There are 2 protein chains.
Amino acid sequence: MTTPPRPQVGQSILSLSTPLPLIDEDRLAANIGRVQTYLDGHGLAFRPHIKTHKIPAIAKAQEAAGARGINCQKITEAEVFAEAGFEDILITFNILGPEKLDRLKALNDRIASLKVVADSASTVNGLSGRFAGGKPLTVLVECDTGAGRCGVQDPQAAAALAQTIAASDGLVFGGLMTYPKAHDEGSVDIFFSETIARLAALGISCPIVSNGGTPSLFSAHQVPSATEHRAGTYVYNDRAMARSGHCSLDDCAMQVLATVVARPTPDRAVLDAGSKALTSDLLGFSDYGMIPAYPDAVISGLSEEHGVVDLSRVTGPRPAIGDKVLIIPNHTCVVSNLFDIMTFHRDGVVTRVEDVAARGLVW
Amino acid sequence: MTTPPRPQVGQSILSLSTPLPLIDEDRLAANIGRVQTYLDGHGLAFRPHIKTHKIPAIAKAQEAAGARGINCQKITEAEVFAEAGFEDILITFNILGPEKLDRLKALNDRIASLKVVADSASTVNGLSGRFAGGKPLTVLVECDTGAGRCGVQDPQAAAALAQTIAASDGLVFGGLMTYPKAHDEGSVDIFFSETIARLAALGISCPIVSNGGTPSLFSAHQVPSATEHRAGTYVYNDRAMARSGHCSLDDCAMQVLATVVARPTPDRAVLDAGSKALTSDLLGFSDYGMIPAYPDAVISGLSEEHGVVDLSRVTGPRPAIGDKVLIIPNHTCVVSNLFDIMTFHRDGVVTRVEDVAARGLVW
């Protein structure tokens with residue numbers, strides 16, 4: 001099958017065909033360093049979430065900077081990273097069903113330290129049924145500290161599920177995990193601390209206490225009960241992270257290169273980047289990304305392969321047909337998930353092209 | 001690299017690991033037949049848009065039903081379908097830039113009938129510069145009949161650009177094309193008719209007059225100036241098409257199979273289908289798909305791998321952890337774009353697995 005030529009090392013990014021997501025090497029390195037330094041300074045272990053990049057080479061850079069272990073969201077992601085040599089993997093997902101349990105067992109037998117989470121006795125029973133009699137699997141209790149997604153609802157339930165895990169054949173209780181509501185460190189610390197106290201009273205130790213998230217990452221030290229922090233988005237950053245206060249727009253390592261393919265009216269430009277390049281993730285914004293070269297331009301609508309840009313507020317020069325523009329996406333993680341390759345550059349010159357190795361593997 | 005096992009022919013869909021998009025063969029065949037019969041009855045040629053499925057086998061079924069040629073949105077899509085034997089391809093996109101023009105030229109030399117669109121002299125000049133002296137390329141004028149995306153703004157501009165194309169080395173004027181605003185057939189017909197009249201006065205014939213879109217497809221006969229209709233979404237259908245009146249929810253051939261992985265509270269279920277399976281496309285809805293088995297459940301929020309379901313309005317039995325549910329997505333085309341394989345079934349039994357061959361090829 002014909003595929004487009006891969007960008008070549010040394011090419012100018014402005015010579016590349018579009019749409020194409022790009023990663024600025026210097027911003028990437030700075031993002032990795034800044035977060036690791038902060039967490040090191042507070043004695044928090046750092047476990048990067050690879051869902052953002054899905055590229056083993058990036059995780060190796062995170063590890064080289066000081067990260068301890070990685071975080072995956074799917075079994076296939078963990079398998080790809082195990083294949084690449086990672087031996088300490090936490091999958092922060094309830095794993096259910098015979099096919100996935102078989103894969104999980106094979107993965108547990110393969111690497112030094114595999115850990116998963118559970119938030120119900122149903123999930124724990126399923127894990128125990130598959131792991132009884134073999135190498136035990138480490139299971140953390142997922143706690144809903146306010147985000148309203150998965151997780152047990154209070155410290156009493158967390159301690160009870162920890163007891164269930166500790167009493168289950170084939171399982172080892174590994175600690176607590178939450179994906180928190182951003183900027184709500186107090187709730188996380190109270191939930192964790194109360195659960196740890198309950199567990200201590202039961203004689204159950206809690207080796208890992210895992211907090212997470214990029215939006216309020218630099219407040220992670222306000223959860224003293226945590227032993228580690230997980231974050232994914234920080235590595236590339238995006239418009240939503242800049243809005244959250246985690247970074248500035250100049251820290252956004254991912255930009256999507258697009259071409260102006262039409263100027264139907266003086267106030268309208270159309271880009272060749274639509275929802276199949278930027279996704280429709282709004283994350284609270286009313287438009288679909290921002291264009292640093294035209295800060296007053298508004299990406300007002302996306303169809304699948306077109307982005308419609310409202311130029312009515314642009315007072316200076318406006319882009320012409322054929323011009324290339326860089327877009328900071330609202331949400332970087334979902335853009336990675338759309339492309340099979342990621343192109344890296346330094347000062348606009350391509351440095352490398354990586355396969356997005358853990359993309360598209362269904363589950 | 002390890003990849004998940006492909007679903008096997010004969011497997012029950014309920015035994016498949018999730019999340020996984022599924023296509024109901026009978027609904028697919030009925031969708032193909034219903035639209036073809038309608039357009040045949042009105043003497044309109046039908047050119048299906050393959051962006052929805054990106055699978056040559058589906059396009060062959062559309063062709064077998066009576067479709068004449070296919071519609072692509074990207075060069076790589078057209079290349080994949082040319083490789084599969086399709087000889088009449090319309091790419092409804094302004095093609096710009098040397099790399100894409102080279103690929104377009106190679107494709108034009110390869111298949112019997114390649115056609116593209118243009119909405120500016122810039123695009124036309126770029127095409128002419130590359131195609132002069134070789135096999136001519138057929139170019140249609142894209143018209144903005146109200147959708148506010150690409151396209152010349154009025155019949156006068158359309159006729160002028162047609163003249164430019166007709167006078168350009170290496171190019172042949174092929175006709176007119178629009179992606180219209182839905183339920184606004186009158187505007188499309190006026191735009192087309194006035195342009196055709198202007199062209200006739202100039203002695204320029206207009207062989208193809210191409211209207212498009214699924215939402216008001218069954219009103220296509222209200223554009224008598226059109227010679228053909230293009231549509232993609234109709235083949236699978238989705239929640240947005242049901243809302244538009246094009247189909248019923250029972251005509252939605254695509255459903256995404258997901259597993260209930262958590263029941264943190266009585267009113268909350270969490271699915272293993274998030275924005276990396278369903279996308280964040282709302283298309284005017286306030287929730288992220290519907291679950292026919294639980295019509296009062298609301299998929300109220302998505303994170304990347306989780307879908308949060310509000311069960312508060314469900315009065316009957318509620319789903320339990322481990323239950324599998326089928327979801328009708330808001331927008332089917334963008335779901336196809338997330339998965340490398342598509343699984344087909346009849347009455348819940350897998351019939352085949354197709355590669356989503358034209359996915360992920362960057363441009």
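Because the model is predicted, local features are described at pLDDT of at least 70 and side-chain atom pairs count only at pLDDT 80 or more, whereas totals for chains, interfaces and linings use all residues. Residues are numbered from 1 along each chain as its sequence is written, and chains are lettered from A and ligands numbered from 1 in the order in which they are written.

**View 1. An open, parallel sheet of eight strands in chain A.** The strands follow the order 2-9-8-7-6-5-4-3, where strands (E, at least two residues) and helices (H or I, at least four) are DSSP runs numbered from the N terminus, and two strands pair if DSSP finds at least two bridges between them. Strand 2 (45-48) and strand 3 (70-72) of chain A are the edge strands, each pairing on one side only. On average, neighbouring strands of this sheet are turned by 30° against each other, direction ignored; the axes behind this value are lines fitted to C-alpha atoms, for helices over the stretch in contact, and angles run from 0 to 180 degrees between N-to-C directions. Strand 7 (residues 171-177) and strand 8 (residues 208-212) of chain A are joined in the parallel sense by three bridges, and A:Met177 has A:Ser210 of strand 8 as its bridge partner.

**View 2. Strands 7 and 8 of chain B.** Here strand 7 (residues 171-178) pairs with strand 8 in the parallel sense over three bridges, and B:Met177 stands opposite B:Ser210. Strand 8 (residues 208-212) of chain B is mostly covered, with four of its five residues buried; a residue is buried if 20 or more other C-beta atoms lie within 10 Å of its own, exposed if 12 or fewer, and partly exposed in between, with C-beta atoms placed from the backbone.

**View 3. Helix 5 of chain B and what covers it.** The buried residues of this helix are B:Thr123, B:Val124, B:Gly126, B:Leu127, B:Ser128, B:Arg130 and B:Phe131. Their cover includes helix 4, strand 5 (113-118), strand 6 (137-143), helix 6 (155-166) and strand 7 of chain B, where residues are in contact if their C-beta atoms, placed from the backbone, lie within 7 Å. Just after the helix, B:Gly133 takes a positive phi of about 90°.

**View 4. B:Phe81 in the largest nonpolar core.** This core, a set of buried Ala, Val, Leu, Ile, Met, Phe, Trp, Tyr and Cys residues joined through C-beta atoms within 7 Å, has 218 residues, of which A:Phe81, A:Val139, B:Phe81 and B:Val139 touch the most other members. Not counting residues up to four places away in sequence, B:Phe81 touches B:Ile50, B:Pro56, B:Ala59, B:Ile70, B:Cys72, B:Phe86, B:Ile89 and B:Ala358.

**View 5. The contact between chains A and B.** The same surface serves both copies, since 98% of the contact residues of chain B recur in chain A. Each chain gives 60 residues to the contact. On the side of chain B that touches chain A, elements supplying at least two residues each include helix 3 (75-83), helix 4 (98-110) and helix 5 (121-131), while strand 10 of chain B gives the largest share, six residues. By class, this side has 21 nonpolar, 24 polar and 15 charged residues, with Ala, Val, Leu, Ile, Met, Phe, Trp, Tyr, Cys and Pro counted as nonpolar, Asp, Glu, Lys and Arg as charged, and the others, Gly among them, as polar.

**View 6. The loop between helix 9 and strand 12 (298-302) of chain B.** B:Thr279 lies in this loop and has a positive phi of about 65° although it is not a glycine; B:Thr279 counts as buried because it has 28 C-beta neighbours inside 10 Å. B:Leu283 lies in the loop as well, with a positive phi near 50°, and counts as partly exposed because it has 15 such neighbours inside 10 Å.

View 7. A:Asp272 lies in the loop between strand 11 (268-271) and helix 9 (275-278) of chain A, and counts as buried because it has 27 C-beta neighbours inside 10 Å.

Technical notes:
Contact = placed C-beta atoms within 7 Å.
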